[in-house]
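Please read the following report alongside the sequence and the coordinates.

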Amino acid sequence: MTTREVLYGVIVVLLAALVASSSLAAYYYAQYNQESNVAARDLATARNLMSRYGGAMTSNLLIDFGNGTRHWYNGTRVEPGWNLYTETLAATDGNVNATCCAYGSHFVTGIGGVQGTPEGTKSWSVWTFNRTSSWQEANVGVDEIGVSNNSVYAWTFCAYDPVSYAPLCSP
Amino acid sequence: MRGASEVAVVATFSALAVGSDFALTPYVNVKLMDTIVFLVAFLFGFRAGAGVAVVSETAWSIVSPWGAAGAITPFLVGGELIFAIAGWWASKTWRDRSKPWGTLAVFIGASMLVCAFLWDFETNAATALLAYWPTLTLKDILATEGYGLPFALVHEVADFLLGMAAAPAAILTISRARYVNK
């Protein structure tokens with residue numbers, strides 16, 4: 001190759017490097033801006049809740065251990081942005097066993113020393129409550145259940161249907 | 001190049017380009033068409049490369065499994081001509097093809113990367129033009145360019161690698177075939 005051919009080649013390679021690095025930088029900048037906007041929106045929501053409740057929301061949580069022991073954690077202090085997993089950790093002083101996070105949420109295997117096992121016949125289930133439909137089994141993971149002021153939730157430990165995996169008890 | 005030979009080259013490589021597009025359908029923005037257009041212009045001249053660009057891109061715009069491209073087709077064809085121009089320019093600039101696996105491969109890969117960037121920039125701008133006309137603003141164009149960035153990055157990297165790998169092989173193979181035919 002002549003010097004002129006190499007020179008043109010080097011110019012093209014440098015131009016390509018400039019294009020590639022600029023594209024990558026622009027992509028990073030766009031992603032950063034997008035995430036910043038989402039974070040700012042979530043922060044505004046959290047501040048709005050803080051101002052409404054003065055940072056002192058309370059929630060009610062029932063834990064039914066399936067052996068006759070039922071604990072109501074009424075008036076558990078929760079903060080904006082918390083979910084049911086966070087509230088359960090706070091209510092039980094962290095006495096929760098869980099695996100993380102196969103489907104985008106924690107999978108709780110044990111609470112207060114009562115442990116379910118993969119080969120066992122009993123497991124922990126989450127329940128939501130409202131005045132109209134009373135207790136309903138939650139159909140999303142605990143991390144996706146947001147707690148709010150005066151919300152009511154329950155955990156039960158009992159056997160489940162081996163086909164549908166529906167718990168054979170209710171709170 | 002004689003007319004009949006040129007028609008045969010355009011027909012053969014256009015068929016190869018569209019066929020490879022179908023084969024690579026699951027890999028969005030990874031296409032051999034760009035490399036083929038570049039190489040045809042590099043080895044057979046601009047007119048043959050432009051012919052492959054127009055025929056293959058027009059055909060792909062109509063028969064693509066993602067659906068017909070519609071009004072943006074002329075912009076896609078125009079963008080593909082960038083590769084033909086670059087291939088022709090490269091053939092005039094880098095005449096020493098004795099060692100195509102060395103620096104020439106890198107130069108061709110880099111040229112393909114720049115072409116891919118220009119293709120994406122032009123077609124994204126055209127998308128904005130068609131989507132927002134007559135109220136098109138600079139912000140609309142920049143936003144559309146932004147949405148296309150992840151695809152553009154894949155396109156640029158794919159064209160760089162395919163240009164580096166396929167170009168030397170094609171230069172060696174086709175040069176030998178032409179020598180045998182003489």
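## Hairpins and sheet of chain A

In the hairpin that strand 4 of chain A makes with strand 5 of chain A, two residues lie between the strands, and Gly112(A) takes a positive phi near 60 degrees. This is a predicted model, in which local features need pLDDT of at least 70 and side-chain atom pairs count only at pLDDT 80 or more, while totals for chains, interfaces and linings use all residues. Residues are numbered from 1 along each chain as its sequence is written, and chains are lettered from A and ligands numbered from 1 in the order in which they are written.

Helices (H or I, at least four residues) and strands (E, at least two) are DSSP runs, numbered from the N terminus, and two strands pair if DSSP finds at least two bridges between them. On this basis chain A has two helices and eight strands, which follow one another from the N terminus as α-β-β-α-β-β-β-β-β-β.

| Strands of chain A | Bridges | Facing residues |
|---|---|---|
| strand 3 (residues 96-99) and strand 4 (residues 107-111) | four bridges | Val96(A) and Ile111(A) |
| strand 4 and strand 5 (residues 114-115) | two bridges | Ile111(A) and Val114(A) |
| strand 6 (residues 122-130) and strand 7 (residues 134-137) | four bridges | Trp127(A) and Glu137(A) |

Five strands of chain A, in the order 2-1-8-6-7, form an open sheet of mixed pairing. Its edge strands, each of which pairs on one side only, are strand 2 (70-78) and strand 7 of chain A. Neighbouring strands of this sheet are turned against each other by 25 degrees on average, direction ignored. Helix 2 (residues 84-91) of chain A packs on the sheet, where it touches strand 1 (57-64), strand 2, strand 6 and strand 8 (152-159) of chain A, and its direction makes about 110 degrees with that of strand 2 of chain A. Residues count as in contact if their C-beta atoms, placed from the backbone, lie within 7 Å, and angles run from 0 to 180 degrees between N-to-C directions of axes fitted to C-alpha atoms, for helices over the stretch in contact.

Among contacts in chain A between residues at least 6 apart in sequence, 52% join residues at least 24 apart.

## Contact between the chains

The contact takes 17 residues from chain B and 15 residues from chain A. On the side of chain B that touches chain A, helix 5 (103-132) and helix 7 (149-181) of chain B each supply at least two residues, and the largest share, eight residues, comes from helix 5 of chain B. By class, this side of chain B has 11 nonpolar, four polar and two charged residues, where Ala, Val, Leu, Ile, Met, Phe, Trp, Tyr, Cys and Pro count as nonpolar, Asp, Glu, Lys and Arg as charged, and the others, Gly among them, as polar.

## A helix pair in chain B

The axes of helix 2 (residues 33-44) and helix 3 (residues 46-63) of chain B come within 6 Å and cross at roughly 160 degrees. The two helices of chain B are therefore roughly antiparallel to each other, a term that applies to angles over 145 degrees.

How values were computed:
Angles under 35 degrees count as roughly parallel, over 145 as roughly antiparallel, 65 to 115 as roughly perpendicular and the rest as oblique. Two residues are in contact if their C-beta atoms, placed from the backbone, lie within 7 Å.
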